[in-house]
Amino acid sequence: MEIFLDGIKYLFVVALPYLITAIPVTLGLTLISGVIGNLLALPVAVARTSHNPVLWVPAYCYILVMRGTPLLIQLFFIYYGLGELLPGTWVRHSWLWPYLRQGFWYAVFAFSLNTAGYTGEILRVGLNAVPHGEIEAGRAFGMTNRLIFWRIKLPRAIRIQLPTMAGEVILLLKATSLASTITVFDIMGVREDLFAQSFRTYPPLLGAAIIYITLVFVFTRLLYWVEKHLNRDRLPPEPVILPLATP
Amino acid sequence: MNPNLSNWDLLSYGTTGYSDELLHGLWLTIQISVCTYIVGFCFGLLGAGMKLSGNRWLMRIGDWYTTIIRALPELLLLFLLYYAGTDMVKGLLVGLHLAGEDFQINAFPAAVMALGFILGAYMTEVLRGAILSVPKGQIEAARAYGMHFGLRFRRVLFPQMMRYATGGMGNLWLNTTKDSALIVVLGSLPELLSATRGAAAGTKHYAFFYFAGGCLYLLITVTSMIIQARIEKRLNRGYRRA
């Protein structure tokens, strides 16, 4: 009983205040990788939907590798692999080096590439789901293929896949916890530090769980709000009270 | 000189190379994944049954299970469930004087149970959707014939719901093989990623070995995708393709 109360006290007095300081790192990883990953997803999806094998074959392989291997091995490959190769090159003496000595930027790199693969596949499905009549309508208006892509296909594809893409951001938020394995002090990294300091297993884990649940809850709400505003036409209509029909 | 991707001796089979370690890791990863999948399927059936039971408390427990597990990172859950699970079992056995203080639980079942419990939450949602997709009239017809629950489940519900569940379950199988790599953080089982990390750290040929390990994971994925396509084709026999 005493151990239990002591653990709760430790959770609220020591663990949670320290874990909260790591929230910006987790959010930074999520937002930076999310933006870069979603931007990279666009060329991947476009290449994947192309009929030219020079374009779609590499895109297919990229998506297969990103979705077909664990994120953790991708992260290790980039962190340790590049860490092994880069010091022998010009990068060692360039302005990039101070950044490349931190795990954080390797994690951003790995998460961005991974998200690009997953979201690229999501966008591909969206691009293929754009109703053909809308593209024909654009053509009837004399739009060029480029204009049709930017004005009709892409906005439509994003709106069709918005719920799935929002889910992908939540998955990314959870996946950033892997950065702790390459010495990044995100929430899980701080948990490891707390464990090393106190040799307590459960209070740091429970503290991290509380923070992750809160973050996921806030993100879900925010993304739902974005979705509601962008997909206003696809929401169920406001109930209309009809006047009683008279015979 | 590029020290990477040139030294094929590193992949020889035996004491000098690391092929045997990697292939044993691959085999262990497959074993862990299959066991995790079976455990996860059982938790999933249980969860889906609870969520559709109509009993307020069972439904509430099912909701908590899927919501909390799916909101937390798998890495955190693996730590939490692995330690909590082994501590509880050990506490129980020591408390009952069935084992001494130096008793240790095998990492394999502990990791499989932890990963299976996580997978179960995702499986619950897939199976719940599949059960709801089976036309209600079919269940009513089975009831009208006087079939009891076991028979209804075995002859009517299960075969039809599996047809709807294959897509989602195929994705979850691929997730399971990938999530098994998280076990590397526990440092207690030489599965594929652990073996890869051991080889990479032992030889300092990081890029080379993580590339090789990635290829083996890709092998699992591609094989699974081919098998999945076959299973889907078989389950959909007798249905006209849209």
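Author: Welcome! A helix here is a DSSP run of H or I with at least four residues, a strand is a run of E with at least two, and both are numbered from the N terminus. A:Gly133 has its place in one such run, helix H7 (residues 132-140) of chain A. The model is predicted, with pLDDT of at least 70 needed for local features and 80 or more for side-chain atom pairs to count, while totals for chains, interfaces and linings use all residues. Residues are numbered from 1 along each chain as its sequence is written, and chains are lettered from A and ligands numbered from 1 in the order in which they are written.

Reader: Why is A:Gly133 called exposed?

Author: A residue is exposed if 12 or fewer other C-beta atoms, placed from the backbone, lie within 10 Å of its own, buried if there are 20 or more, and partly exposed in between. A:Gly133 has 8 such neighbours, so it counts as exposed. Its C-alpha atom is separated by 23 Å from that of A:Ala47, 86 residues away along the chain.

Reader: And what makes B:Asn106 count as exposed?

Author: B:Asn106 has 11 C-beta neighbours inside 10 Å and therefore counts as exposed too. You will find B:Asn106 in the loop between helix H3 (74-95) and helix H4 (107-133) of chain B. B:Lys90 is 16 residues from B:Asn106 in sequence and 11 Å away in space, C-alpha to C-alpha.

Reader: What kinds of elements make up chain B?

Author: Chain B has eight helices and zero strands. Its C-alpha atoms fill a box of roughly 75 × 55 × 30 Å along the principal axes. Of its 242 residues, 35% count as buried.

Reader: What makes two residues count as being in contact, and how many residues of chains A and B are in contact?

Author: Two residues are in contact if their C-beta atoms, placed from the backbone, lie within 7 Å. By that rule, 24 residues of chain A are in contact with 27 residues of chain B. On the chain A side, H4(A) gives the most, with eight residues. By class, that side has 16 nonpolar residues (Ala, Val, Leu, Ile, Met, Phe, Trp, Tyr, Cys and Pro), two charged ones (Asp, Glu, Lys and Arg count) and six polar ones (the others, Gly among them).

Reader: What are the domains of chain A?

Author: Chain A is divided into domain 1 (1-22 + 185-232) and domain 2 (25-181), with bounds from an automatic or database domain assignment. Their centres, taken over C-alpha atoms, are 28 Å apart. Across the boundary, 15 residues of domain 1 are in contact with 14 residues of domain 2. On the domain 1 side, helix H9 (187-198) and H10 of chain A each give two or more residues, and H10(A) gives the most, with seven.
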